[in-house]
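Please keep the sequence and the model in view while reading.

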Amino acid sequence: MRIGLAVLATFCLSVFVCAPAVAACYGTNAKTKQRQAVHEIYRGSSHPKRYFAQATHDASTGRPQIFYCRRYSSAPAHFKRFVRAHECCHHLGYHNEIAANCCALRRMRLSSSGLAALRNYIVSRDVNSQTKVDQKGQGSTFWNKTARQCNLGVRID
């Protein structure tokens, strides 16, 4: 009996210790101006500007929100973590897309191989929201702007 409990306790502890931590995401309520947990909503629909996700606020309550669009669900896990961190950074006050990228990369603390995997996905999928307002340039242009502004210290070609 004791061995079974010890194995169960070890298993439970290993699940919690080894599971990747999901950083809390907070923003400011647009109505109350109080700090509040962001409400994350998975829409499953497409966005007309090809967003993966969008940081916004609930119109009636002012609560900060992130809407995840259909494109998000098919992205690899490392890119999903980046998208979530990026949208959380918007709620922290980083309104410019590249500044939100830098904030997200700092929060993620990626290894050089993790950074390379993220870069390769962004470049190969020609990722950007394709908005004229935020940042012109897809894929490698978008990554190069991020690498320069964030001072990543890695090759940006």
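His90 is found in helix H3, which spans residues 77-91; helices (H or I, at least four residues) and strands (E, at least two) are DSSP runs, numbered from the N terminus. This is a predicted model, in which local features need pLDDT of at least 70 and side-chain atom pairs count only at pLDDT 80 or more, while totals for chains, interfaces and linings use all residues. Residues are numbered from 1 along each chain as its sequence is written, and side-chain values use heavy atoms, with hydrogens and water left out.

With a relative accessible area of 13%, His90 is buried; the term stands for under 20% relative accessible area, exposed for over 50%, and partly exposed for values in between (1.4 Å probe, protein chains only). A polar atom of the His90 side chain lies 2.6 Å from the backbone oxygen of Tyr94. Leaving aside neighbours within four places in sequence, His90 is in contact (heavy atoms within 4.5 Å) with Ala55, His95, Asn96, Glu97 and Ala100.

Residues up to four places away in sequence not being counted, Tyr68 touches Glu40, Ile41, Tyr42, Arg43, Gly44, Phe52, Ala53 and Arg84. Tyr68 and Glu87 are 19 residues apart in sequence, and their C-alpha atoms are 9.8 Å apart in space.

How are the helices packed? Two packed helices are described by the angle between their axes and the distance between the axes. Here the axes are lines fitted to C-alpha atoms, for helices over the stretch in contact, and angles run from 0 to 180 degrees between N-to-C directions. The axes of H3 and helix H5 (residues 112-124) come within 10 Å and cross at roughly 90°. H3 is therefore roughly perpendicular to H5, since angles of 65 to 115 degrees count as roughly perpendicular, those under 35 as roughly parallel, those over 145 as roughly antiparallel and the rest as oblique. On the H3 side, His78, Phe79 and Phe82 meet Ala117, Leu118, Tyr121 and Ile122 of H5. The residues of this contact between H3 and H5 comprise 6 nonpolar, 1 polar and no charged; Ala, Val, Leu, Ile, Met, Phe, Trp, Tyr, Cys and Pro count as nonpolar, Asp, Glu, Lys and Arg as charged, and the others, Gly among them, as polar.

H5 also packs with helix H6 (residues 139-150), at an angle of about 140° and with the axes 7 Å apart. H5 and H6 are therefore oblique to each other. Leu115, Arg119, Ile122 and Val123 in H5 meet Gly139, Ser140, Phe142 and Trp143 in H6. By class, 5 nonpolar, 2 polar and 1 charged residues make up the contact of H5 with H6.

Lys33, in the loop between strand S1 (26-28) and strand S2 (35-37), has a positive phi of about 65° although it is not a glycine. Lys33 is exposed, with a relative accessible area of 59%. Arg109, in the loop between helix H4 (97-108) and H5, is likewise not a glycine, yet has a positive phi of about 50°. Arg109 counts as exposed at 73% relative accessibility.

Methods
A polar contact is a pair of N or O atoms within 3.5 Å; within protein, one must be able to donate a hydrogen and the other to accept it, and residues adjacent in sequence count only if both atoms are side-chain atoms.
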